[in-house]
Amino acid sequence: MLSLAKEEDQYFVPNPIKQMEIRISNLSKDFSLEGKKFRALDQVDLTIPANQIFTILGPSGCGKTTLLRCIVGLETPDSGEIAIGEEIVFSKEKSIFIPPEKRGLGMVFQTYAIWPHMNVFENVAYPLQARREPKEKIKRKVAEVLQLVQLAGFENRPATKLSGGQQQRVALARALVAEPKVILFDEPLSNLDAKLREETRKELRRFLTRLKITAVYVTHDQAEALSLSDTIAVMNNGRIVEIGTPRDIYFHSEHKFVADFIGRANILEGQVRAIENNYLITDTSLGPIVCQKKREIEIGKKVYICIRPEFIKIIKTDQKKGPNIFLGKIESLVFSGDLCEGEVGIGQISLNFQVEPTSPLQEGEEIFLQFPPDHCQILLH
Amino acid sequence: MRRHAPALTPTLIAIVSFLTVCPISMLFLGSFTEGWEALGNFTLQKYIKTYSDPAFAAIIKNTTIFTIGSALLATALALLLAYLNTRTNIPFKSLFGILSIVPMMIPHILFAASWALLLNPSNGLINIFLKQFLGFAEAPLNIYTLEGMILVEALLDLPIAYLVISPAMSAFDVSLEESSRVCGASSLRTTLKVTLPVLRPAILAAITLVAVRSLASFAVPSVLGMPGRIYVMATHIYRLIATGFSPDYGMAAAVGMSVLAISITLIFVYRSLTAEGEKYVTISSRGYRPTVIDLKKAKYPLFIFVSLIACLLIVLPVVVLFYTSLVPYSMVPSAKALAAMNLKHWQAVIKDPISMLSLKNSIFLGILGASLGIILSVFVAYVIVKVRTTASGLLEAFSFLSFSFPGIVVGIGFMLFFVRTPLYATIWALLIGYIATYLPYGIRPISSAFIQIHSHLEESSRVCGGSSFYTMRRIIIPLLTPGIVSGWILMATMFVRELSLSVVLSRPGTEVLAVQILRFAEDGLWGKLAALGIIMIFVSTVLVISASLIEGRIKKVK
């Protein structure tokens, strides 16, 4: 379990001399797999702000790990430029390629990549030894960082005798020991079981925020991304689709892909009929739906409407006033502990909805539903 | 490392394809030409002569019976042992692990010779014993028969069959059997209808692999077959080049081509069988343990049976050799024999210049050959596992192909090549031949070590600030060391005892231990044979121990 010490800040705080922003422009990379060429990165432009937890989120195969590996120098892009802070580490045009060992970064791999022939001390000391630091300094710094990840006293433990959570902390200590400018994480929690993963996620957030370090975090787990990040970049098919804070991405996403990928979503097709005050009126197969208006949009445009299950309200017959009220029939209802999830049929269309676990509703019952207009998002194709 | 990989792959392909393609193409050319000087004059004469020889039919028949017989016997024994080990509560299971590494310890020629010492019709120890104490008029047992050859070859190949069958047996999903029993089938019916069919790919793979080995086997047919004039393909080739007044390399090549064709076919059958077997294994659930069958009363009788096989394999050959090296002539162990014991044979061997030369040559070939072979193996394994391009696939195919090459056949091919170079009759000819033939044995342990080194281990070292050289020194080499050491041990012990290639390539001045032992066997000098044989076992053991010690030092230094 990653339960990080809270009081040791004064012993070990990497000193960010400069604001280590990462600027990526026009980055492309092709791979050929079994004779077929495919584009892992497609003209990616991205600025990762300093001292933030920045998450790259996307389904497997979207290019997120390739992007991370390009930043760290384990892959060579086909075109574009990467700058870390003031330094250009890769540029096709200027023929610059700084090898990974000269980039001064820290990285936690998905497999942790703990060297099995070394003990904990040797694993953590490695980055300092590679830099030929004096022995005394190495000893002191390793002790400090092990204290920080609560592995003090584990110095002589062989790497093969560590649990998954301990390996993860050794990997973190190793990534931090040389005080890197930026630390990168490649799905570091995917090898832990569900409960440990949730706890570790919280600890990691607290820890990284306190260190004031630029952290780039790659994951396919949307819950992990939402709870951990300051900023999320959603990727698909080698492109960055959308960038924003977790709340922006969740409540105000612009793209169908993003709304669908993050959380649970009911997505309907529609067409803009009218604009009234700050709301749009759209025609859908359910009938007219009033939606939030986030940006200028012309009448007649085809759009998607996203309604998240947790915002679908069930109302009593006598409260039936306001927009977006529909009569539906409960098709299924499943009790899953902290809530009841079900499907409700309105005409030919089924929507996911949820109610509190103590709800007396039954399958087959007819209910009135309301979609609050502020939670009906308009998405682009 | 990625930078020099493009140059590395073609270089390696050039070296490995020279080592594998060269002897085979020379063999091919040689089989169509008249004599080894006149390469180029095409003739079918050698094939016609080979196949029109009326004695050749008997050779084919012997080879078939010997190969299939030993394959079936070895597999049946392996099946029994694997079943007892993985599925029953038989005591002292560690014994089975020992059984599987025995062929590394005892050279085949010595094993065959020790059986000749025990069961030859004129003065085999067991035969003398039976005649003296049980009143048999004639020797009741004769090892110089096809049955005797099959028995000894099967015992030698048993560990190989065991190594193929045992993993399949441990991965076997017992619920398949249980559901058959629930459906109302009897225990026997379940075994016949469920257990054996599910294990079929592994069983067939074991049979095929043992068949490849016994087809290539030279030690057993030469020591046990030739005295009784029972010839198989391998000894027929040997007869064509090593006995008589004019060695006929063309005809030997023609026979060799036939053996090679069968061998390559078998190895492809083996490969497709194991590919199928892996499919079965991956289906089985993880973390599952087979239920153990209580043997009850049969527990100890079965254990005694297994111990008996272990005794036959390990203890008996060494004991018989040691005993024979000390007594002046064949006699049953007795007070008289004990009194007559002396070191005459040992002194004779140590004073024999050819024996000492062969010892020197074998040690030289073992140490230098294994070291060069392992360096080549490291690069080849690296390209096969880590580079993974179409070209590296070609490299894998080449090194895999040579796995099927029978030593004596490759020897003929190399001989036809070396006779045109200054390397002929030098120790370097043997060195090159050894490395070519045994390269897969070096590649295998190293490539499995490479597979275990996940690319993240390398990459994280780079990110941590280690240059590619630093990464090589601190991460790759230390993680590779166990694979390198076990590959080196395997190669070195095989080189020290190498026989089937050496009988062709070894010339006056380049004698090696196994060939010298074969000469002693042919001349019936069993005492000298035994003394030199024990020296050979000793040399192998010293190499194994010192390599392990060096490995320990490397681990400590790091």
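Two residues are in contact here if their C-beta atoms, placed from the backbone, lie within 7 Å. In this predicted model, B:Ala112 is in contact, once its neighbours within four places in sequence are left aside, with B:Val152, B:Ala219, B:Val220, B:Val223 and B:Leu224.

B:Ala112 also belongs to the largest nonpolar core, which holds 260 residues, and it is listed with B:Ile165, B:Ala206 and B:Ile412 as touching the most other members. In soluble globular proteins, nonpolar side chains tend to be buried together.

## Domains of chain A

The domain assignment divides chain A into domain 1, made of residues 8-105 and 180-251, and domain 2, covering residues 264-379. Taken over C-alpha atoms, the centres of domain 1 and domain 2 of chain A are separated by 36 Å.

## Strand β15 of chain A and its partners

Strand β15 of chain A, residues 302-307, is mostly covered, with 5 of its 6 residues buried. Strand β12 of chain A, residues 266-276, pairs with β15(A) in the antiparallel sense over 6 bridges, and within this pairing A:Gly270 has A:Val303 of β15(A) as its bridge partner.

β15(A) also pairs with strand β21 of chain A, residues 376-379, again in the antiparallel sense but over 4 bridges, and here A:Tyr304 stands opposite A:Leu379 of β21(A).

## Contact between chains A and B

The contact draws 17 residues from chain A and 15 residues from chain B. On the side of chain A that touches chain B, helix α2 of chain A, residues 120-130, gives the most, with 3 residues, while the residues of that side divide into 12 nonpolar, 2 polar and 3 charged.

Definitions and conventions
Residues numbered from 1 in each chain as written. Chains lettered and ligands numbered in written order. Predicted model: local features only at pLDDT ≥ 70, side-chain atom pairs only at ≥ 80, totals over all residues. Domains from an automatic or database assignment. Core = buried A, V, L, I, M, F, W, Y, C linked by C-beta atoms within 7 Å. Buried ≥ 20, exposed ≤ 12 C-beta atoms within 10 Å, placed from the backbone. Helix = DSSP H or I, 4+ residues; strand = E, 2+ residues; numbered from the N terminus. Pairing = 2+ DSSP bridges. Nonpolar A, V, L, I, M, F, W, Y, C, P; charged D, E, K, R; others polar.
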